[in-house]
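Visitor: I have a model open and would like to go through it with you. Can we take it piece by piece?

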Amino acid sequence: MGAAEIVLNVVFYVLAASAIAGAVAVAASRNIVRSAFALLAVLFSVAGLYAVMKADFIAGAQVLIYVGGILVLIIFAVMLTHRITDVKLSNDSTPGPAAFCACLCLLFSLLVVVRYSTKWRRDSDTVTARAESFEVSFKQYQADGATGLAFGGGAYEDSVVVVATVSQGPDPLRILDQVQFVATSGANRVSRNFPVAGRDAPYRHVFEKLSEGEWRWTVRLLGRQKDGKDEVDREWEFPLANTGFTVTRGVTEPIALALAGPYLFAFEVVSVLLLAALVGAAFLARKEVKDL
Amino acid sequence: MTPIALASWALELTGIPVLDAFLSILVVCFILINFIAVYAGISTYAERKIAGHMQARVGPYRVGPHGFLVWIADALKLMIKEDIIATNTDRLLFKLSPYVVFAGSFACWVALPYAPNWSPASFNIGILYLLAVSSAVVIGILMAGWSSGSKWALFGAMRSAAQIVSYEVPIGITLLGMLLIYGTLDMQAIAASQAKGLPFGVMEDHYGGLWSWGINRWPPFTVIAFIIYYIGALAETNRTPFDIPEAESELVAGYHTEYSGMRFSFFFLSEYANMFVVSAIATTFFLGGWLPPAPSASGTLLLVVGTVVGAGVGYGFQRRGFDGFVGAMLGSGIGALVAVFAAQPAADGAFTGKGPQILEGAFWFFSKSFTLIFVMIWLRWTLPRYRVDQLMDLCWKKLTPLALINLVAIGILETRHEWWALIVNHFKAAGP
């Protein structure tokens with residue numbers, strides 16, 4: 001685990017703890033204004049959690065909309081309500097242990113559903129290529145598993161994990177020495193060599209800090225071949241079909257493309273809904289003009 | 001190289017990478033927070049001195065040469081003052097709010113592009129982050145106003161929150177228009193993309209110096225955008241003529257009426273920190289960020305000479321009075337344009353931020369930002385205060401529609417090639 005990863009883990013737990021503490025304060029505080037202010041901690045921590053998950057745009061939007069807009073509105077409403085602090089808020093009628101058990105059951109079922117319905121790591125499909133007597137099966141996914149990556153897709157983060165399995169047919173004339181992963185993007189070229197480790201052994205490598213752009217994978221096998229009587233050094237290259245992918249920094253562009261593309265209609269419908277809500281609010285808040 | 005990288009390089013002493021990572025973040029924050037404190041101190045001195053000179057006084061004069069050290073004396077005084085907490089306050093929120101306010105303005109400082117490729121934290125979503133975290137200030141102000149248990153403080157906080165939330169709308173819309181031009185949210189990329197191009201989208205591959213800056217991109221509209229942004233920025237930082245949240249004649253001191261000593265100074269610090277942040281955003285979006293006004297080092301000299309000579313010639317043509325002023329302005333503009341063109345052949349890739357250009361870039365960034373801060377101070381001692389209804393009227397009935405029109409205009413101009421192609425293709429398809 002690298003230093004950055006440890007920092008990220010610490011940050012995650014601190015943020016999660018402060019989100020939960022804030023939520024508890026919202027629910028437990030007797031003073032409703034304090035509850036409203038405790039929401040600040042919750043919303044900021046959740047934004048931080050988004051940022052930890054590399055969803056920077058969502059984090060920014062979360063703070064901008066919830067803290068800058070909705071929380072201010074809530075605080076205004078709470079502060080301006082007449083004698084709101086005098087109201088006795090108490091949940092004494094709720095039986096404590098039973099409520100606790102109910103919450104626990106709910107939490108447990110939620111966790112179970114999340115555990116089994118989430119696709120935690122989006123692997124790519126396995127691609128197989130064959131040359132002479134060798135067969136390479138090849139798979140890639142992203143290091144943190146937070147955002148998906150498939151063949152021909154995009155990676156929103158810069159580290160990509162590649163796994164390849166090399167199997168050799170019954171051919172004593174060809175001897176394998178090394179397996180080489182190569183990722184190319186224009187003039188950029190990143191490669192990693194592995195010594196051969198037995199039959200059908202998986203070779204796994206994390207490519208970190210890939211620069212932005214279109215990338216393509218190839219796997220090369222370096223070895224020797226008995227050619228008549230001499231042993232010659234040889235290379236078998238496996239340009240795998242459909243292994244291109246794009247590395248992009250940040251999620252702003254994919255979100256923009258999604259909103260202006262497949263989700264355009266939904267987006268517009270939601271804005272019409274908001275407009276209707278606004279008109280309704282203005283109608284309710286307007287002053288009655290009475291004829292004299 | 002970012003300051004983070006520098007700090008972690010200096011701190012690879014422990015040899016434990018995790019500790020180094022945390023330490024480097026701490027060091028960067030330490031440097032920044034001290035910089036803010038010193039900057040805020042010096043700008044309070046500047047504010048008082050400028051106010052003095054504008055009102056034909058000398059301003060602070062006792063401590064240090066020309067009273068220059070008065071800000072240190074002020075800081076010491078604020079630190080040793082008694083921390084008074086009135087009985088009617090909500091103690092927890094009362095104590096918390098100065099930190100929330102200060103955290104909101106401090107968090108903005110890490111995302112500013114101080115020099116080419118040099119920000120404490122380089123964000124992909126720079127401007128969105130800046131707009132987002134600065135909203136913590138509103139919450140802090142509301143917290144301070146409510147927890148003080150005083151009607152002056154509550155009124156001040158209400159006015160301030162209403163004002164900031166309202167003025168975020170025209171500010172956001174104008175910045176959106178500028179983002180259409182740049183096509184990125186990254187502050188560094190925004191600054192860098194103002195190196196090339198001339199007004200009206202002509203000669204897009206040429207280094208135009210100050211003619212390539214955002215404010216000159218589509219002249220009437222980008223200039224209007226800058227003015228709207230600057231007015232909104234004044235309102236967001238509660239500066240005159242929009243300082244009704246702390247109107248002395250009505251509200252004692254607004255939301256920080258009940259605060260004293262160190263807690264009060266946090267509000268003060270935050271106000272000055274915010275002034276720098278909004279000026280820095282204006283600099284980055286409209287005035288070229290860390291780019292110099294001419295496309296090369298020798299060009300800057302040429303630009304100064306051209307401007308002065310042009311101004312002199314213009315003044316000579318028009319003699320004196322208002323005509324002389326207009327002549328000088330026109331002359332200096334023409335002189336600057338000629339100088340930038342004359343400097344074209346020497347354009348050295350105009351500031352891609354390599355090597356010693358970091359210092360030069362920081363110089364231009366800070367001088368532009370401080371100029372805008374000076375204008376804020378100047379306005380404070382020149383203009384009277386708005387009334388609440390006038391302020392809201394200006395925001396919702398004037399600035400917001402204007403900003404929307406501006407956004408549409410810039411959008412059309414930026415996509416003019418596509419529109420043109422659409423029209424041409426339409427007629428081609430319709431023709432014989």
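Visitor: What percentage of the residues in chain A is buried?
Guide: Of the 292 residues in chain A, 22% are buried. Buried means that 20 or more other C-beta atoms lie within 10 Å of the residue's own; with 12 or fewer a residue is exposed, and in between it is partly exposed, the C-beta atoms being placed from the backbone. This is a predicted model, where local features need pLDDT of at least 70, side-chain atom pairs count only at pLDDT 80 or more, and totals for chains, interfaces and linings use all residues. Residues are numbered from 1 along each chain as its sequence is written, and chains are lettered from A and ligands numbered from 1 in the order in which they are written.

Visitor: And what percentage is buried in chain B?
Guide: In chain B, buried residues make up 47% of the 432 residues.

Visitor: How many helices and strands are there in chain A?
Guide: Chain A has six helices and nine strands. Both are DSSP runs numbered from the N terminus: helices are H or I with at least four residues, strands are E with at least two. Chain B has 16 helices and zero strands.

Visitor: How many residues of chain A are in contact with chain B?
Guide: 22 residues of chain A are in contact with 24 residues of chain B. Contact means that the C-beta atoms of two residues, placed from the backbone, lie within 7 Å.

Visitor: Which helices of chain A supply that side?
Guide: Helix H1 (3–28), helix H2 (32–52) and helix H3 (56–80) of chain A each supply at least two residues. H3(A) gives the most, with 11 residues. By class, the side of chain A that touches chain B has 15 nonpolar, four polar and three charged residues. Here Ala, Val, Leu, Ile, Met, Phe, Trp, Tyr, Cys and Pro count as nonpolar, Asp, Glu, Lys and Arg as charged, and the others, Gly among them, as polar.

Visitor: At what angle do H3(A) and H5 of chain B cross?
Guide: The axes of H3(A) and helix H5 (residues 126–133) of chain B cross at roughly 25° and come within 8 Å. Axes are lines fitted to C-alpha atoms, for helices over the stretch in contact, with angles from 0 to 180 degrees between N-to-C directions. H3(A) is therefore roughly parallel to H5(B). Angles under 35 degrees count as roughly parallel, over 145 as roughly antiparallel, 65 to 115 as roughly perpendicular and the rest as oblique.

Visitor: Which residues meet there?
Guide: From H3(A), Phe57(A), Gly60(A), Val63(A), Leu64(A) and Gly68(A) meet Leu128(B), Tyr129(B), Leu131(B), Ala132(B) and Val133(B) in H5(B). That contact has eight nonpolar, two polar and no charged residues.

Visitor: Over to H6 in chain B. How many of the residues of H6(B) are buried?
Guide: H6(B) is mostly covered, with 13 of its 13 residues buried. Helix H6 (residues 135–147) of chain B reaches 19 Å from its first C-alpha to its last, close to the 18 Å expected at 1.5 Å a residue. The expected span is 1.5 Å times one less than the number of residues. After H6(B) comes Gly149(B), with a positive phi near 65°.

Visitor: How do the axes of H6(B) and H7 of chain B cross?
Guide: The axes of H6(B) and helix H7 (residues 151–182) of chain B come within 7 Å and cross at roughly 165°. So H6(B) is roughly antiparallel to H7(B). Residues in this contact include Trp146(B) from H6(B) and Met158(B) from H7(B). The contact of H6(B) with H7(B) divides into 12 nonpolar, three polar and no charged residues.

Visitor: What is phi of Ala56(B)?
Guide: Phi of Ala56(B) is near 60°, a positive value in a residue other than glycine. Most residues other than glycine have a negative phi. Ala56(B) is in the loop between helix H2 (17–54) and helix H3 (70–80) of chain B. Ala56(B) is exposed, as 6 other C-beta atoms lie within 10 Å.
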